[in-house]
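User: I've got a model open and would like to talk through its charges and its fold. Can you take me through it step by step?

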Amino acid sequence: MAVDFLSDEQVAGFGGFPDEVPAEDLERFCWLDDADLSVVGRRRGMHNRLGFAVQLITVRVAGRFLTDPLAVPWPVVESLAGQLGIADASVLKLYAQRGQTEYEHAAEISTVYGYADFSDPARYEELRLFLEARAWTSSEGPVRLFERAALWLRERKVLLPGVSTLTRLVLEIRSGANYRLHSMLVDAAGPALILELEGLLRVGDGSRLTAWERLRTGPSRVSVPEFLRQLERLGRLRSLGAGSIDVEMIPEGRMNALARYGLAGKASSLRGLSGQRRGATLLCAVRALTSEVADDLCDALDAIVTERVLRKATRESAAARLKSLPRLSKASLQLAKAAKTLVEVLDNTEYSGAEAASVLADQVSLSELRAALEVVNEVVHPEGAEADTAGQMLRRFATVRSFLPALAAAAPFGATAGGTPTLAALTALPEVLDGRKKDPA
């Protein structure tokens with residue numbers, strides 16, 4: 001049935017009043033202003049005035065006239081009766097005695113307040129164009145499209161049709177948009193690529209998994225071997241060529257929705273899709289997975305360099321400084337003693353050069369002074385602690401050297417204009433390390 005995508009509650013509540021109307025909603029939606037009272041007041045008889053007011057509020061709240069104009073919550077009737085100065089709201093029962101009256105009132109309300117019928121060709125075409133644009137540019141499901149259609153009609157004072165009429169229209173338009181989407185994607189990819197993508201859903205000889213399931217399997221841990229495996233995975237995905245397909249004219253949101261379905265679905269579920277939908281879903285899923293793997297590689301590289309190189313180098317540099325602290329302290333004291341004596345000698349103008357050297361030699365021997373200087377030069381880097389860390393990082397270069405050629409070949413990074421030289425340097429790094437590139441600049 002056309003209304004299968006709606007729940008029973010949604011079907012029952014379409015184009016009608018809720019079962020219970022809170023007092024604040026009565027004040028907000030069931031209020032008659034002076035212009036309304038003037039139009040209502042032209043009816044003869046309390047029951048006709050009340051019935052006319054009920055139909056006016058009904059079309060405003062429900063978006064259409066009810067088959068039974070009296071099928072409204074009683075608090076609504078009482079509220080309108082109070083505004084019209086009618087003491088006994090039960091006079092509304094007399095409104096149904098002449099059946100033609102309700103149709104005449106509905107027609108007058110439509111004319112006075114500018115309501116159009118759903119069958120009006122111009123409004124119907126406007127609604128179709130609106131829904132076609134929404135269905136093509138967004139990934140909204142049928143329920144959301146149905147709600148948007150109902151809201152569009154109410155905002156433009158177009159009377160709501162029956163629920164099945166509107167659901168059929170939504171399904172027709174959404175089906176057309178999906179067919180157009182799948183066709184455009186499959187045509188853009190071409191039969192050769194679609195055939196290769198569908199081949200991913202088959203289980204190869206000697207394997208329990210399809211190629212698609214293996215490609216979907218992400219990293220289990222952060223390690224150099226796993227990083228190399230993910231580089232191979234990225235290379236396999238890129239070799240399919242899905243990323244080079246021109247999809248500029250296809251809304252990204254629609255492709256993302258197909259990709260999410262493809263990445264979440266099992267191979268057996270994807271095999272069960274219709275031909276064009278299966279090919280389009282696989283194309284979008286492979287494109288999305290390729291980007292996802294490249295992003296994961298960037299995160300993994302950051303983790304490896306940070307944890308295995310930078311932080312270990314920092315810890316080792318700090319440990320080395322701590323280990324050398326006793327020698328550095330002893331040498332520093334000797335140098336401080338020599339420096340103090342030198343200041344005192346230089347400050348005393350009575351000493352000759354030979355006498356100054358003799359006094360200084362009495363405090364610290366030349367051999368001790370040389371030894372202290374050697375210790376300080378050995379332990380203290382002239383460029384500070386960061387240079388010590390950089391030195392330790394170079395000692396751990398083997399950690400990254402093992403995957404640099406594969407990383408440069410895969411090139412999972414992009415770059416802005418400012419990052420282009422760095423990207424070029426990364427690409428050239430394997431040749432520099434192998435000695436093939438003589439100029440390492």
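Predicted model: local features only at pLDDT ≥ 70, side-chain atom pairs only at ≥ 80, totals over all residues.

User: How many salt bridges does the structure hold?

Analyst: Side chains of opposite charge can pair when their charged atoms come close. With the 4 Å cut-off between nitrogen and oxygen, the count for this structure comes to 11.

User: Which residue forms a salt bridge with Asp36, and what does the pair tie together?

Analyst: The closest N and O atoms of this pair are 2.9 Å apart, which is within the 4 Å cut-off. Asp36 sits in helix 3 (residues 34–40) and its partner in helix 4 (residues 46–62), so the bridge ties together parts that are 24 residues apart in sequence. The partner is Arg60.

User: What separates Arg229 and Glu226 along their helix?

Analyst: Their side chains meet in a salt bridge, 3.3 Å from N to O. Arg229 is partly exposed at 33%, while Glu226 is buried at 8%. Both belong to helix 12 (residues 224–239), and because they are three residues apart there, the separation is about one helical turn.

User: What is the N to O distance between Arg156 and Glu155?

Analyst: Arg156 is partly exposed, with a relative accessible area of 34%. Glu155 is over the 50% mark for exposed, at 56%. Their side chains meet in a salt bridge with an N to O distance of 3.5 Å.

User: Leaving aside neighbours within four places in sequence, which residues is Arg123 in contact with?

Analyst: Arg123 is found in helix 7 (residues 121–137) and is partly exposed at 26%. Its C-alpha atom is separated by 8.8 Å from that of Leu153, 30 residues apart along the chain. Its contacts beyond those neighbours are Ala116, Trp152, Arg156 and Val158.

User: And what does His105 touch, again leaving aside neighbours within four places?

Analyst: His105 has its place in helix 6 (residues 99–113). At 7% relative accessibility, His105 counts as buried. The residues in contact with His105 are Arg43, Asn48, Phe52, Gln55 and Tyr95.

User: Which residues form the negative surface patch?

Analyst: Patch members need over 30% relative accessible area and no salt bridge. Asp295, one of them, is partly exposed at 48% and lies in helix 15 (residues 275–323). The patch is formed by Glu292, Asp295, Asp296, Asp299 and Asp302.

User: Zooming out, how many helices and strands does the protein chain have?

Analyst: Buried residues make up 37% of the 441 residues in the chain. Among contacts with a separation of 6 or more, 75% come from residues 24 or more positions apart. The tally is 22 helices and zero strands.

Terms used
Residues numbered from 1 in each chain as written. Heavy atoms only, no water. Helix = DSSP H or I, 4+ residues; strand = E, 2+ residues; numbered from the N terminus. Buried < 20%, exposed > 50% of the residue type's maximum accessible area, 1.4 Å probe, protein only. Contact = heavy atoms within 4.5 Å. Patch = residues over 30% accessible without salt bridge, like charges linked within 9 Å, V, L, I, M, F, W, Y side chains within 5 Å. Areas by Shrake-Rupley, 256 points an atom, 1.4 Å probe, with all protein chains shown as cover. Lys, Arg positive; Asp, Glu negative; His and termini not counted. Charge placed at Lys NZ, Arg CZ, Asp CG, Glu CD.
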